[in-house]
Amino acid sequence: VQLQASGGGLVQAGGSLRLSCAASGSVFDAMGWYRQAPGKQRELVAHITTGGSRNYADSVKGRFTISTDNAKNTVYLQMNSLKPEDTAVYYCNARDQWAIDYWGQGTLVTVSS
């Protein structure tokens, strides 16, 4: 199984970024994004099931949108109105039909004030 994430970078507060993660090697029931800021634990950002059910961390509701292209086994995270507190390494996650979790390599998002 491979998860290849991309799209991180440096952006000013109020700006936007779009993360992508292409998964291969298994059949996945759900995909999502987590993030880990320096000195903090990894936390869920957004999650989507193959049935289209979505959930978001309270801190990103209304600003971030998770979506998938099932044909490409790719999950996206559109991040708008970014804040300095969104600065973190963002990790793509995929859970297969046996409830095994897989992780991408992480992509750094830095939001400057």
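Reply: Histidine 47 has asparagine 55, in β6, as its bridge partner. The model is a predicted one, in which local features need pLDDT of at least 70 and side-chain atom pairs count only at pLDDT 80 or more, while totals for chains, interfaces and linings use all residues. Residues are numbered from 1 along each chain as its sequence is written, and side-chain values use heavy atoms, with hydrogens and water left out.

Strands are DSSP runs of E with at least two residues, numbered from the N terminus, just as helices are runs of H or I with at least four. Two strands pair if DSSP finds at least two bridges between them. By that rule β5 pairs with β6 (residues 54-56) in the antiparallel sense, over 3 bridges. The hairpin of β5 and β6 has 4 residues between the strands, and there glycine 52 takes a positive phi near 95 degrees.

β5 also runs antiparallel to β4, to which 6 bridges join it. In the hairpin of β4 and β5, 6 residues lie between the strands, and glycine 39 adopts a positive phi near 80 degrees.

A further group of strands is an open sheet of 4, in the order β1-β3-β8-β7, with antiparallel pairing. β1 and β7 stand at its edges with a single partner strand each, so one side of each has no neighbour in the sheet. From one strand to the next the twist averages 15 degrees, taken from axes that are lines fitted to C-alpha atoms (for helices, over the stretch in contact), with angles running from 0 to 180 degrees between N-to-C directions. Within this sheet, 5 bridges join the antiparallel strands β1 and β3, and serine 6 has serine 20, in β3, as its bridge partner.

Arginine 18 also belongs to β3. Its relative accessibility is 45%, so it counts as partly exposed; buried means under 20% relative accessible area, exposed over 50%, and partly exposed in between (1.4 Å probe, protein chains only). The C-alpha atoms of arginine 18 and glycine 7 are 5.8 Å apart, although 11 residues separate the two along the chain.

The sulfur atoms of cysteine 21 and cysteine 92 are 2.1 Å apart. This pair connects distant parts of the chain, for cysteine 21 is in β3 (residues 17-24) and cysteine 92 in β9 (residues 88-96), 71 residues away. The torsion about their S-S bond is about -85 degrees, so the disulfide is left-handed. Cysteine 21 and cysteine 92 are both buried.

Of its 29 residues, Trp33, Leu77, Met79 and Tyr90 touch the most other members. The elements giving two or more residues to this core include β1 (2-6), β3, β4 (28-36), β5 (43-49) and β9. Tyrosine 90 is in contact (heavy atoms within 4.5 Å) with residues including Leu19, Trp33, Val45, Leu77 and Val109, when those up to four places away in sequence are not counted.

Technical notes: A disulfide is a pair of cysteine sulfur atoms within 2.5 Å. A nonpolar core is a set of buried Ala, Val, Leu, Ile, Met, Phe, Trp, Tyr and Cys residues joined through side-chain atoms within 4.5 Å.
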